[in-house]
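Please look over the model shown here. The report that follows takes up selected side chains and their partners.

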Amino acid sequence: MSPEQRSVTITVDGREIEAVEGEMLHDAARKGDVEIPVFCYEPKLGDPVGACRMCLVEIEGIPKLQTSCSTPVRDGMVVHTRTEQVKHAQSAVVEFLLVNHPLDCPVCDKGGECPLQDITQGWGPGQSRVIDEKRHFQKPIELSPLVAIDRERCILCYRCVRFSQEVSEDAQLQLLERGDRTFVGTFDDRPYVGPFHGNITDICPVGALTSYTYRFRARPWDIEQAGSVCTLCPSQCNVSFTVRDEKVKRVLARDNHDVDDGWLCDKGRYGFEMFSAEERVTEPRFKGGTKVEWEKAIARAAEGLRKAGAGKVAALVGDASNEEAFLVQKLLREALGSAHVDSRRAGGPGRDTIVALSQPNLTAKVREIDDADAILVLGTDPLHSSPILDLRVRKAIRRNGARLVVATERPTALDGGAEAIARYAPGDAAVFVDELVKALRGEENVATPLAETLKEAEKVVVLWGERIGDFAQSGLLNLAGALKIAETGGAGLLEVPDFSNARGLREAGCLPDAGPGLSEVAVPGKGTEEIRAGLESGEIEGLVLVGVDPLRDFPDTAAWDNALNAAKFVVAFSTFATATAAKADVLFPLETHAEKDGTVTHADGRLQRVRPSAGRPGDIRPGYLVLSELAEALGLETGIWSRPSAFEALTAAVPFYGSISDSDIGGKGIRWQETAGAERVPASAGASGEGSPDALRAGVSGDPSPKSPNGTGATSLLLGTYRDLWAGPITELNPPLKFLAPQQRLEISEADAEGLGLVAGDKVRIGQNGSSVEASVVVKERVPAGICFLAEGIAEGNANSLLNGGPVRVGITKLSEVPA
Amino acid sequence: MADPRETRILLDKAEDPALATLEGYKRLVGGYATLEQAYRSMEQDEVLKELEDSGLRGRGGAGFSMGKKASFLPRGEMAKYLCCNADESEPGAFKDRELMQRNPHQLIEGIAIAALAADAGHAFIFIRGEYDAQADVLDRAVAEAYEAGYLGKDILGSHRDLELVVHRGAGAYICGEETALLDALEGKRGNPRLKPPFPAVQGLYGGPTLINNVETLSNVPRIVANGADWFKGFGTEQSPGTKVVSISGGVRRPGNFEVELGMPLRELIYGLAGGPEPGHEVKAFYPGGSSSPVLTPAELDLPYSFEAMAEAGSMLGSGSIIVADDRVSIPHMALRTARFYHHESCGKCTPCREGTNWTVKMLERVVRGEATPMDLDIISSVQQNIMGHCLCVLGDSMAMPVSAMVNKFRPEFEEVIANAGLDPHAVVDAPPELLGAST
Amino acid sequence: MSPVDGPGIFNPNLPVDRAVTEGRVPPRAEEQIPELHEVGCPEELRERIETLMSRYPDRKSASIPALWAVQERYGWCTPEGIRQAAAVMRVTPAYLESVASFYDLLHTDPVGTHRIEVCTNISCWMRGGDELLDAFKTAAEGQDAEFFVTGFECLGACDIAPMASIDQRYYGPLEAAEAQTAIDQLKAGEEVLPAKDLLKRPLAADLPGGSNG
Ligand SMILES: Cc1cc2nc3c(=O)[nH]c(=O)nc-3n(C[C@H](O)[C@H](O)[C@H](O)COP(=O)(O)O)c2cc1C
Ligand code: SF4
Ligand code: FES
């Protein structure tokens with residue numbers, strides 16, 4: 001309770017209840033264990049609408065019954081919820097709701113977990129007087145490829161429509177027609193495809209909206225719910241797996257206000273069929289795909305790495321728990337005497353910057369977005385990189401009047417809500433940050449419009465993307481200074497990293513120049529790009545890959561291909577049989593978040609527990625055990641043979657995790673900054689100086705003339721790339737999500753389209769330095785002239801193949817013959 | 001040429017088409033003199049006081065004091081709005097149409113003066129989309145008023161601005177409900193909002209908003225010109241002023257008549273409207289539009305005022321009388337009434353959406369003879385279940401008249417059920433000469 | 001006879017100050033609001049909608065007038081027309097369709113060129129509204145592309161019951177036989193039922209015949 005909220009006492013059914021002034025009567029009553037039935041009320045959807053009329057109660061002094069969902073409590077209020085008058089109203093409303101409801105419960109997926117059933121039983125009339133024909137709709141029909149809608153069952157609470165309006169703000173799902181002809185639908189009956197639309201199946205109080213992935217798969221008494229954390233993106237949403245016969249059948253949100261606010265993106269919700277995908281690696285393999293026994297595989301891996309020799313092995317870590325990450329760096333540093341370990345897809349800042357940015361008073365927590373006065377989105381599009389934060393920012397603007405400013409290369413989904421937008425050229429984030437700092441100090445420059453808004457705000461939350469690069473990240477420290485972030489409660493920086501558990505990986509020691517707990521290391525090792533160079537030059541011979549796929553996800557595919565081929569010995573841990581995994585001499589399976597047991601650390605410092613919820617397919621073993629055995633085979637006794645011992649070793653090695661116990665983490669996690677250990681975070685050396693724009697500007701490289709046969713008339717544009725939410729194996733390997741797998745599209749401005757003689761839909765080849773990809777043209781109002789965008793990480797035409805470490809120019813040629 | 005029983009104030013000189021022009025309005029009735037006086041020399045509170053003292057009650061249905069409502073608007077710098085409710089869609093009501101078509105400038109002047117009282121800088125006339133011809137008249141009049149400097153920036157050098165937009169609806173009765181009107185004006189589906197907050201505090205675009213009916217606002221210029229006492233000289237103590245009453249249905253001279261409130265109903269129905277066809281009698285009538293519980297001939301001698309109608313268990317509402325003569329089948333009339341509300345229910349809240357639908361289905365069975373007297377009990381009980389449980393009063397607007405009809409004419413309902421197969425139209429076979437004098 | 005502006009009437013524009021609550025463009029994911037260059041909106045329609053938007057403190061207020069403009073241009077609110085209006089207004093097409101489908105006068109399915117709404121509500125019903133509707137239906141039978149005939153709830157003209165609204169103008173009291181006349185006149189492009197035009201009708205008490213007590 002914040003200080004300005006006053007506590008009041010109300011009386012409900014004779015019971016005195018302490019409540020907060022202004023909270024809704026329904027919520028206050030619940031604190032006193034008085035349950036008032038509701039259908040339309042769902043505070044997460046915004047202001048109450050008072051539509052279903054289920055929650056009518058009697059309030060002394062007011063002649064008409066009032067909806068408790070929309071009546072704020074006042075001190076001394078006397079309320080009755082079980083008088084004859086109220087019972088009459090409640091049973092009338094239930095009767096009305098059933099006038100048109102088909103009562104097809106025996107064949108309804110919601111049966112057994114249906115609020116309409118429960119409320120009818122608890123508050124309904126107990127008999128039916130309706131003999132008239134009910135309204136009919138075609139049913140069930142496809143609302144989207146993932147969600148079926150049965151309009152006959154719909155009770156028009158319009159929760160789903162409000163979700164689309166007030167939460168995801170896509171405004172695609174609407175009420176159509178009027179009165180009792182009203183139905184929920186989309187424009188021109190087109191499918192409702194939004195990245196969050198699966199949430200409507202969670203909030204529908206009847207069986208009107210059901211997921212195709214769960215229809216007729218189980219009855220409520222066959223299933224168990226198991227809580228875990230989704231690690232498919234950095235949002236780390238809390239999920240609850242519906243498990244039947246050891247298999248995940250459904251993913252539900254597990255409301256954690258500090259993390260996800262009770263929502264899930266569709267990737268997290270529907271991305272569970274990949275748990276049993278054919279492409280999964282379910283046992284150790286040797287190169288060529290031969291399946292081998294665990295003991296043999298471990299022995300071979302140990303031998304190969306040992307042969308590579310001390311100091312000549314490198315490790316890259318991506319999809320891993322804190323414990324696994326800790327073990328990998330330990331294995332490298334202590335068993336193989338090598339410091340070449342990194343957890344970033346390209347370069348990153350040095351330890352000084354990371355330590356400085358890790359200071360507790362600089363990090364924003366997720367819920368601080370809610371109450372921010374202003375939000376700066378810098379170098380990231382949350383919708384694609386951490387979708388749940390997109391919802392969070394929208395909520396802050398819509399509900400609490402936060403002011404948004406956006407500075408990115410590529411137009412973002414949040415642009416429409418921004419007061420000021422800056423677009424900088426790919427690679428120029430550092431220059432922009434520098435300008436913004438100067439603008440905040442009073443200089444007039446391109447960043448002034450953003451600075452104006454930020455200056456008027458007290459609590460500023462900066463959401464920044466890891467991809468802004470190392471210079472810009474050190475620039476963040478100046479920005480934090482100019483915004484007085486360290487001194488202001490509720491203000492902070494919040495990173496949107498590339499890897500889900502990026503913060504955990506770094507804090508567990510997976511950095512070339514920092515050990516566990518961001519400790520200083522005597523001799524720094526090589527970072528990702530130097531490792532690649534080292535492999536190519538033969539300086540590094542052995543490589544351990546844990547949950548990374550450089551051939552898909554890292555810039556400069558050709559160089560990585562060379563590097564992997566040059567490597568003498570590669571050990572890979574991978575969930576799927578990817579192109580990278582195929583290069584491994586020894587391939588180990590990796591658990592998913594439905595199987596893994598361990599902790600992860602959110603970008604805001606929250607440690608959460610991923611819990612095994614479903615059975616491990618095939619012969620998969622826990623990652624920490626495999627790593628521990630591998631270490632032992634290399635002569636290093638880790639003492640880690642169980643999950644608790646792994647966690648203990650981690651917290652012992654990371655001082656600022658030191659005072660956290662399993663029970664502290666519990667179901668909702670805990671931020672290390674809020675524990676006693678927080679003071680043990682290494683001290684920061686202070687902010688770096690300001691750079692001159694030229695020093696900050698990354699040199700553009702690349703020969704834009706594509707070496708393609710029909711490469712005449714090519715014009716060059718600066719290339720920006722982005723990671724689409726739907727790019728990657730999760731989409732490709734989940735049958736229900738396949739339709740979302742992005743095709744390569746070249747996004748260009750109207751001016752450039754005209755200049756190049758291109759129209760939307762044209763097929764083009766985009767080339768750079770001998771590599772090229774094909775794409776179809778999309779013209780976008782908000783793409784700045786001179787720049788174009790391509791998606792990375794997709795199956796066909798991955799833009800990573802055009803990148804080479806810095807910004808590049810690309811040539812574009814229209815394909816004369818359009819492939820049919 | 002007015003009927004001597006009429007008291008034409010709002011419709012003064014309305015027989016002259018020139019009244020619809022700015023020039024005619026000034027020449028015939030001295031129009032805009034009050035606006036000039038108010039903008040040149042009156043303070044907000046002076047105007048407010050005159051309106052409050054006059055006792056002018058809203059003519060849109062609820063009959064709430066106009067001056068009082070205007071005084072509820074908070075003071076301060078925020079943008080405030082005035083909305084004129086010209087949605088007039090309740091069956092039986094057609095008075096606003098007449099007032100806008102014949103005397104648009106009176107409404108514009110009233111809006112401008114009321115805007116002064118409400119300190120509103122933006123005003124809107126929300127007119128139902130069907131009234132296209134009347135909206136054209138208003139558009140023309142608004143353009144004239146802008147031209148003459150009665151609207152726009154710095155009106156008559158008063159440093160006050162008023163922008164007035166004629167906003168056409170698109171066919172939905174519910175938009176007459178004031179909060180639904182606001183949603184419609186904001187470009188949304190016309191769904192009523194939860195109250196509180198009331199529009200006076202948080203209305204259009206979240207700003208304080210005064211909403212009044214066309215006739216209410218049309219009264220404003222003369223009240224401010226002649227003073228509250230002059231106004232109170234007409235009508236009854238609790239229902240001061242004149243009222244344009246729409247009378248239709250089974251009468252020989254249907255139309256709008258402007259009379260002092262308090263005139264006996266018999267005088268209205270038989271006197272002004274000519275009563276039913278010779279040889280026929282009044283069987284029942286809605287005294288205040290289709291949402292008012294029907295009254296019977298026994299109540300014909302009541303004075304037509306807000307208070308007398310309320311006392312009789314009905315209401316004056318918007319002042320629209322629909323007369324059913326002895327040829328009208330009450331169960332069929334109940335069905336027509338219920339169908340209307342079913343069609344117009346916005347669908348947002350459960351009791352109204354489902355209750356209107358269910359009632360229609362049951363009444364359909366009644367007139368088809370597929371019901372039992374028990375169904376009449378269920379119909380009554382369903383009306384009880386609707387009343388007081390809805391988000392706005394549309395649901396009650398069906399429940400009240402339908403339950404009045406079932407209760408007051410139950411034997412006829414039972415008879416209809418028994419004599420299955422009655423002509424579903426069951427209309428009066430109206431002779432051509434009855435269809436109006438213009439034929 | 002445009003439902004949006006009066007014939008040739010110039011309605012002065014309002015200043016566009018952003019409304020406190022609704023002024024901002026809703027943040028959107030890509031592709032949800034079509035971009036103008038994608039929809040092929042006729043210039044004239046775009047300008048019309050932009051003028052309409054400029055009249056209100058919040059541009060969204062123009063949604064009903066914009067849909068009227070679409071309907072006027074295409075005869076009904078076609079999906080393409082809705083997309084065009086949505087692109088100009090920067091709202092989703094779904095939003096506009098939702099609004100259009102709420103209102104009886106906006107058609108989200110094709111209708112005939114001439115729209116005839118016959119009142120069948122209480123007062124008109126008492127005086128032959130149902131028969132009038134039947135008469136219009138018969139007269140217009142088989143000519144759906146030209147005539148859209150529908151029963152309608154109270155049109156606010158019970159004084160001229162039974163009545164009909166023909167292309168947004170009121171006529172009454174009508175005899176059933178006049179339905180055919182009206183249809184013929186519409187086809188011939190003649191003035192429709194001049195003697196029954198509401199705009200030409202005096203106040204009830206001023207009707208020839210004077211007061212009848
Ligand atoms: C369903 C419904 C329809 C209404 N329709 C109208 C209407 O068409 N015109 C009107 O002036 N008031 C109508 N009202 C009343 C308005 O809500 C509001 O009370 C009125 O406009 C206030 O103006 P007044 O105080 O001047 O009467 C309606 C109310 C309801 C509940
Ligand atoms: S589909 Fe479900 S959530 Fe949506 S309105 Fe109907 S009942 Fe409510
Ligand atoms: S829960 Fe209160 S009205 Fe629906």
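## Around Thr71(A)

Beyond its neighbours within four places in sequence, Thr71(A) is in contact (heavy atoms within 4.5 Å) with Glu23(A), Met24(A), Leu25(A), Ile59(A), Gln66(A) and Met77(A). Thr71(A) sits in the loop between strand 4 (66-67) and strand 5 (78-80) of chain A. Helices (H or I, at least four residues) and strands (E, at least two) are DSSP runs, numbered from the N terminus.

Thr71(A) is buried, at 11% relative accessible area. Buried means under 20% relative accessible area, exposed over 50%, and partly exposed in between (1.4 Å probe, protein chains only). A polar atom of the Thr71(A) side chain lies 2.7 Å from the backbone oxygen of Thr67(A).

## Basis of the model

This is a predicted model: local features need pLDDT of at least 70, side-chain atom pairs count only at pLDDT 80 or more, and totals for chains, interfaces and linings use all residues. Residues are numbered from 1 along each chain as its sequence is written, chains are lettered from A and ligands numbered from 1 in the order in which they are written, and side-chain values use heavy atoms, with hydrogens and water left out.

Side chains of opposite charge can pair when their charged atoms come close. A salt bridge is a side-chain nitrogen of Lys or Arg within 4 Å of a carboxyl oxygen of Asp or Glu. Over all chains, the structure holds 111 salt bridges.

One of them joins the side chains of Arg280(A) and Glu595(A), at 2.7 Å, N to O. This pair links distant parts of the chain, 315 residues apart. Arg280(A) is in the loop between helix 6 (266-270) and strand 14 (285-286) of chain A. Glu595(A) is in the loop between strand 26 (586-589) and strand 27 (598-601) of chain A. Arg280(A) is buried, with a relative accessible area of 2%. Glu595(A) is buried, with a relative accessible area of 2%. Elsewhere, a network of salt bridges links Asp104(A), Lys139(A), Asp150(A), Glu152(A) and Arg153(A).

## Salt bridges in chain B

Glu15(B) and Arg8(B) form a salt bridge through their side chains (3.3 Å, N to O). Glu15(B) is partly exposed at 33% relative accessibility, whereas Arg8(B) is buried at 14%.

The side chains of Lys195(B) and Glu178(B) also meet in a salt bridge (3.0 Å, N to O). That pair links distant parts of the chain, 17 residues apart. Glu178(B) is in helix 8 of chain B. Lys195(B) is in the loop between helix 8 (178-185) and strand 4 (209-213) of chain B. Lys195(B) is partly exposed, with a relative accessible area of 32%.

How values were computed. Polar contact = N/O pair within 3.5 Å; in protein donor to acceptor, adjacent residues only side chain to side chain.
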